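Please read the following report alongside the sequence and the coordinates. It takes up confidence first, then the individual chains, and then the contacts between them.

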Amino acid sequence: MYGGGYIQEEKQEATSQIDDAQKLAEFEARIDRGEKIEPHDWMPADYRKQLIRMIEQHAHSEVIGALPEGTWITRAPGFRRKLALIAKVQDEIGHAHLLYSAAETLGKSREQMINDLLTGKSKYSNVFNYPAKTWADVTVIGFLIDAGAIVNQVANSKGSYGPYCRALERICYEESFHLKQGHDAFITLATGTKAQHDMLQDALNRWWKPIMHFHGPPDKISEHTAKLMRWKVKMATNDDMRNQFLDMYVPKILEIGITIPDPNLKKNEATGQWEFSDPDWDEFKRVINGDGPCNAERLAVRQYVEEHGKWVRTAMMNPNQKVVIPFA
Amino acid sequence: MSKIPLNTPVLDPRIKRVDLESTYGTTAIGENEHWISWEVFHQKKRGDQHVHVGIVHAPDAQLALLFAKEQFGRRLACVNLWVTKSSDIFSFSYDDEDIFDNATAPEKQYREAAGFKVMEKINRYKKSKQKA
Amino acid sequence: MADDELIYGHRMSEWTGMGPIMEEDIAYSSMAQDKIGHALANYSILEKEFQTANPDKLAFFRKENEMMNCQLVELSNHEYDFSLVRHFLFDHADFIRYEMLSTSSFAPLAQLSKKIKGELKYHVLHADTWLTRLGNATDESHVRMQSALNELWNYALGIFEPSDFEAQLIAEKIFDGEKVLQQKWIEKISPIIEKANLKIPTSSSPVYGGRKGYHTDQLQPLLTEMAEVISSEAEGTEW
């Protein structure tokens, strides 16, 4: 029996390689049996590292993802949209909270993660580096970006790490509201006045490229990816997820008279795969590396917010409290 | 860094109102600045068990309860919440999972209802009476 | 009441995604939704009982001088100290107002009051918890709380600006009046302020005018911003 969590420094046990080989075999057998890994289990260092990286990025994406939609929070048209948008952005912060908590169980503190976000050391989803220029952008994000995220999150919720799966189950439940309210707002514009329709078409034209980037660059099945998939850290390839997204949502866009700005987009019925123009993977790389339209602003806002909340947090700190890693 | 290389104009009116440059490149979160963690237990309705649902960070129990209410009582049906410091939770190690192995083993059927074939015996008795 | 809740809820919603810590960010957002929801409920009562325009029109298409909110709620958020002290001052008044209305002779308000009692109770609990902690925490947090209280006090007294219908409301047992409300409010908040180690400013001169359509220069920009999208199309267009 042990208690009181464990101290943050104690991240990895030093064990001999022979021990490790046996533990690795047991670990992999557990995953093969469909069992979950829990926080205090032995796990390969690389499993821990990759999970932290992935969950942390996911959490950052929720925090930063609150900003493009937040752009319109004070301008949402009418009570219904105003309330729904506040609730939605609130959920994103709630999701970030759940995800940071899940990542913390792996031994990285929330403070460390946020610092890594502020310095640009850890990444977040690339799409949030694009501006939300009009109200229609909010509906495109709410409908299609959330839809893309759901494909990803439903897959990951069947992964191997218990706390991440539990967080994702709750997140997916809430995302279904996000998707529905986004779809509703999207349809309202598509089928509304000409100006509303045009505003939506313009927004989709601008967002299509980031949407195609959303699930990441095409897969090169490396040994690394194979290992992550065997460990159920990664549950589907980027291409598979993108394909699934296009399967589900292209018809929903076209059925209400909105067009997709890629003449080459079509499903190859023989292979079941969607074909499309090169969505400019060089741009994707540039934006990831900091050179996107809104990268600087997004980080500057987070820095501003953290800095101006600092007096509240430090006023309430109690140095005598024992800090441990959350349990589950 | 004093100047932010903003590539596009700021669109969020809330952000336009603040001086973004004032803090750029200077912010760092101190260790434990986000307070300690509390484990949250949620009771869906009277009569149910409290069930662990996650954690919140808070400086004290009262705020932990308020935050738990928001994060875990906001969207789920709820009548009550408990919080306790993560550091006050004690548990077995998963390495010792095998000590629970035989809880439901066939050899322990003597403490299960299914381990006792009462009807069989009654029927046998009734049958023997009929014959007699 | 509806205008107070709308404008105040709008100000609170500006904190969404910008709070000092995630947990508190979520709390503020919930209260913003509650307040805007209460505004909607009140505008709906007006529409149903008095055949006014619909809630969207009342909220998004009125002019500054037609808004009857007290000036306290329209002031921009400033830092968290300012928002928190306003939250404390306003929400106690809001809580007591609805408590008084729970026995109103005007049934729709009495019903609404019962329905949202739990939400308001939580708002007050949230405000009290924070105020007493930050008032007592560090020198900086104490000074911040006290300065915000000093700055907001006269505006808070403006909550209780009597309307022209005060006597009628009291006579018809709809509402016991702003004077009674203010008295109850002072009695309720004084011990909490003391517990927070803060002092109520000794001199006071209430900022009136809001209930008659006179506002600070901070309301019009809020209204313009709030209506930017909805007013880009003809009234009644679905969004």
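## Confidence and conventions

Chain A has a mean pLDDT of 92, and 95% of its residues reach 70 or more, where pLDDT is the predictor's confidence in each residue, from 0 to 100. This is a predicted model, in which local features need pLDDT of at least 70 and side-chain atom pairs count only at pLDDT 80 or more, whereas totals for chains, interfaces and linings use all residues. Residues are numbered from 1 along each chain as its sequence is written, while chains are lettered from A and ligands numbered from 1 in the order in which they are written.

Over residues 1–12 of chain A the pLDDT stays under 50, and for these residues the model has 21 contacts beyond four places in sequence, two residues being in contact if their C-beta atoms, placed from the backbone, lie within 7 Å. Where pLDDT is low, the predicted coordinates should not be read in detail.

## Chain A

Chain A contains 11 helices and 3 strands, which are DSSP runs numbered from the N terminus (helices H or I, at least four residues; strands E, at least two). Along the sequence these elements follow the pattern β-α-α-α-α-α-α-α-α-α-β-β-α-α. The radius of gyration of chain A is 21 Å, close to the 20 Å that the globule rule gives for 328 residues, so chain A is as compact as a globular protein of that length; the radius is taken over C-alpha atoms, and the rule is 2.2 Å times the number of residues to the power 0.38.

The C-alpha atoms of chain A fill a box of roughly 65 × 55 × 35 Å along the principal axes. Of its 328 residues, 45% count as buried, a residue being buried if 20 or more other C-beta atoms lie within 10 Å of its own, exposed if 12 or fewer, and partly exposed in between, with C-beta atoms placed from the backbone. Among the contacts in chain A with a separation of 6 or more, 77% are between residues 24 or more positions apart.

## Chain C

Chain C has 11 helices and 0 strands. Its radius of gyration is 18 Å, which agrees with the value near 18 Å for a compact globule of 239 residues, and its C-alpha trace spans about 50 × 45 × 30 Å along the principal axes. Buried residues make up 49% of the 239 residues in chain C, and residues 24 or more positions apart account for 74% of its contacts with a separation of 6 or more.

## Strands and a helix of chain B

In chain B, β1(B) and β2(B) run antiparallel and are joined by 7 bridges, with Ile36(B) standing opposite Ala58(B) in β2(B); two strands pair if DSSP finds at least two bridges between them. β1(B) also pairs in the antiparallel sense with β3 (residues 80–85) of chain B, over 6 bridges, and here Glu39(B) stands opposite Thr84(B). Because 6 of its 8 residues are buried, β1(B) is largely enclosed by the rest of the structure.

## Contacts of chain B

The contact between chains B and A takes 41 residues from chain B and 46 residues from chain A. On the side of chain B that touches chain A, the largest share, 4 residues, comes from β2(B).

The contact between chains B and C takes 13 residues from chain B and 10 residues from chain C. Here α2(B) supplies the largest share of the side of chain B, 6 residues.
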